[in-house]
Amino acid sequence: MNYEALGLTIKDDLKEAIALINNPEIDPDVRQMNLEVLFRETGGQVYRVVYAMNAWDMDIDFTEGEGINDFYYGLAKNVSDSISTGGRSNVDAQVDEWLSNQILKAMWDAFTTAKEHGKYPTVTRNEPSDCCDFCAQFRNMTFVDPSPEVFKRHDRCKGTITTSGYKTRNGLYVGARKAWVYMGN
Ligand SMILES: [Zn+2]
């Protein structure tokens, strides 16, 4: 399943929330702190849902992931600073990339935990013809024992990284939509 596409459906809502919080009339320190809270909560929720969906599919639904990394501090600072530097379009791209990276982290964490429990999920990469050399090395390949690099995308390439566990392979993946509903989508 392509969890990135699913996770990015909240992108527009996230940008609306950023626009409200990042009001130039609000003190910069307050803006930055509120952005940290927004990113921590949103990123954490997306991570938990994506991890839980993978864990269900990979038959390790009794586990939890370690959570998002702390890059949201830097992101909050960049977004807050963009008011004075005028780098608005640049921060939109940074937010997209950050959200995507938290989703990929949840997939990698679930994949790693599954392997520790003797499960055999797979990850498949599909890359368009215009991707970078790094991504091209994984084009249309499926892995059972991937390196962490398989879960990384470089230069904002548009390929897809898809994890499959047992239920996706059996066509039983009915839980996906249900799991997503509690994020309000
Ligand atoms: Zn690339």
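Author: Helices here are DSSP runs of H or I with at least four residues, and strands are runs of E with at least two, numbered from the N terminus. This is a predicted model, where local features need pLDDT of at least 70 and side-chain atom pairs count only at pLDDT 80 or more, while totals for chains, interfaces and linings use all residues. Residues are numbered from 1 along each chain as its sequence is written.

Reader: Which residues have the most contacts inside the largest nonpolar core?

Author: Val 50, Ile 103, Ala 106, Met 107 and Ala 110, in a core of 38 residues. A core like this joins buried Ala, Val, Leu, Ile, Met, Phe, Trp, Tyr and Cys through C-beta atoms within 7 Å. Helix H5 gives the largest share, eleven residues.

Reader: What does Ile 103 touch?

Author: Leaving out residues up to four places away in sequence, Ile 103 touches Tyr 3, Glu 4, Gly 7, Val 46 and Val 50 (contact means C-beta atoms, placed from the backbone, within 7 Å).

Reader: New topic! How do H2 and H3 pack?

Author: H2 (residues 11–21) and H3 (residues 28–57) meet at about 160 degrees, with axes 10 Å apart (axes are fitted to C-alpha atoms over the stretch in contact, and angles between N-to-C directions run from 0 to 180 degrees). They are therefore roughly antiparallel, the label for angles over 145 degrees.

Notes
Angles under 35 degrees count as roughly parallel, over 145 as roughly antiparallel, 65 to 115 as roughly perpendicular and the rest as oblique. A residue is buried if 20 or more other C-beta atoms lie within 10 Å of its own, exposed if 12 or fewer, and partly exposed in between; C-beta atoms are placed from the backbone. Two residues are in contact if their C-beta atoms, placed from the backbone, lie within 7 Å.
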